[in-house]
Amino acid sequence: MREDELRKIVSQGETSRVQFKLRIENNDSIAAEFIAMANSKGGMVIVGVQDKTGDIVGLDYAGLQSTGSAVSSIANELVKPQIFITTEAVSCGDTNVLVIYVEEGIAKPYTDRNGTIWIKQGCDKRKLTDNSEQIRLFQQNGLLFADEMIVPDTGISDIDESKVKEYLAKIDDSDTDLPLERVCKNLNILKESRLTLGGLLFFSKNPQRYRPAFCIKAVSFFGNEIEGVDYRDSEDITGTIPQMFEKGMGFLLRNLHHVQKGQNFNSTGILEISRIALEEVLQNALTHRDYTRNSPINLLVFDDRVELASPGCLPNSLTIENIRMGNAVVRNNLIVSFCSKLMKYRGLGSGIRRAVKEEPSLLLDNDKENEKFVVTFQRAAQ
């Protein structure tokens, strides 16, 4: 890092990814800072800078050496599991500062020696005590899958037996003569006599009785602003995932135009946005959304675009470039398994590629700040 780059960073103050320390005085506090960054998006700790004023005080040679040794010990001994840091001494006038780089961790959640999980919140850090947030961290590391967790207060009476039989017919399973409870346990629909989340969302009579937020909020607006109070159509789409998919497509079909492109005058015409692309994106949203987040999918139709926003960013450091190339990381194993038999889902990571091929102007936004993934279809002026 050059001196001018460092001074620019310091001039902008502390952020969720930049922290200032005058000296390393409290090893446990520094360990908590490293942990918070590793559990979040990574960052840097700059030693030799006043955190209140941003004044660069610097370190002498002995200070650089002792600080470098101290932070290495902290990363090795006070962070569980161990993290790897890199350090860089940067000259600032007649003094030096030590920049400590902490990468986003791949073995989340990281804890201190007391087992406390720390995360970043703005320029501060805080203990993680909320269960749903802890679940998300475990999910990011592949230690837990939300769709395999049991849903409290559910039971076999909530299962729609006809949906189970339909699934068995699809997979040509020979367990049709077994008792329903045994079949459902074999399929991971039931666990400990309660429904798994995946089982609830595919085979229950009323999934939203227990998870009301796991629905689609669909609105067709006049104009192009979400703040508008007037709308053409609005629906809270509920049911199982296959039912929500069918209803969601129905909402889109009745709120988008069909255009004539050389067809017979009496024909329906061609949908203004590729139906294949719409199906792929809607199916992906229902299949790959983050089910640790208690919020709905938003399906919004404007005069100039269609937006589909699903809760949660791309998982496990997956990027938009990755998914455009067909790469995939499965966040919901059980749901994907059921989708592959009951829906058009192929599970090959090709859905977004297929949608982009059909609609080259498709916009993808991995909105990390608001923890959502947004797909936008452009509409032509009518």
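Predicted model: local features only at pLDDT ≥ 70, side-chain atom pairs only at ≥ 80, totals over all residues.

How many disulfides does a search of the whole structure find? I ran it and got zero.

**Cysteines**

I wanted to know why nothing turned up, so I went to the sulfurs. For C184, the closest cysteine sulfur is in C339, 17 Å away, and that is too far for a bond. Then I checked C339 itself: its closest cysteine sulfur sits in C215, also listed at 17 Å, again too far for a bond. A disulfide would need the two sulfur atoms within 2.5 Å.

**Confidence**

How far does the predictor trust its own model? The protein averages a pLDDT of 88, and 90% of the residues score at least 70. Going element by element, I found the lowest mean pLDDT, 65, in helix α4 (residues 131-140). The highest, 97, belongs to strand β13 (residues 297-301).

**The four-stranded sheet**

Next I traced an open sheet of four strands, ordered β1-β2-β4-β3, with mixed pairing. Which strands stand at the edges? They are β1 (18-21) and β3 (85-92); each has a single partner strand, so one side of each is left without a neighbour in the sheet. On average, neighbouring strands here are turned by 20° against each other, ignoring direction.

I zoomed in on one pair. β1 and β2 (residues 43-47) run in the parallel sense and share four bridges. In that pairing, Q19 stands opposite V45 of β2. I also noted helix α3 (residues 61-77), which lies across β2, β3 and β4 (95-102) and runs at about 15° to β4.

**Cores**

Which residues touch the most other members of the largest nonpolar core? That core has 61 residues, and the answer is V164, F202, I241 and F377. Apart from it I found another core, of 25 residues, with V47, I74, L78 and W118 among them.

Leaving out residues up to four places away in sequence, V164 touches I159, L180, V183, C184, L187, I189 and F203.

**Around β14**

Back to β13, this time for its partner. β13 and β14 make a hairpin with three residues between them. The two run antiparallel and are joined by four bridges, with V301 opposite V306 in β14.

On to β14 (residues 305-311): is it enclosed or open? Six of its seven residues are buried, so the strand is largely enclosed by the rest of the structure. β14 also runs antiparallel to β16 (residues 372-378), with seven bridges joining them. There I marked R305, which stands opposite Q378 in β16.

**Last stop: E359**

Where is E359 placed? I found it in the loop between α12 (351-358) and β15 (363-367). Is E359 buried or exposed? At a relative accessible area of 13%, E359 is buried, because the cut-off for buried is under 20%. Not counting residues up to four places away in sequence, E359 touches E272, I273, S274, A277 and F377.

How values were computed. Residues numbered from 1 in each chain as written. Heavy atoms only, no water. Pairing = 2+ DSSP bridges. Axes fitted to C-alpha atoms, helices over the stretch in contact; angles between N-to-C directions. Contact = heavy atoms within 4.5 Å. pLDDT = per-residue confidence, 0-100. Core = buried A, V, L, I, M, F, W, Y, C linked by side-chain atoms within 4.5 Å. Buried < 20%, exposed > 50% of the residue type's maximum accessible area, 1.4 Å probe, protein only.
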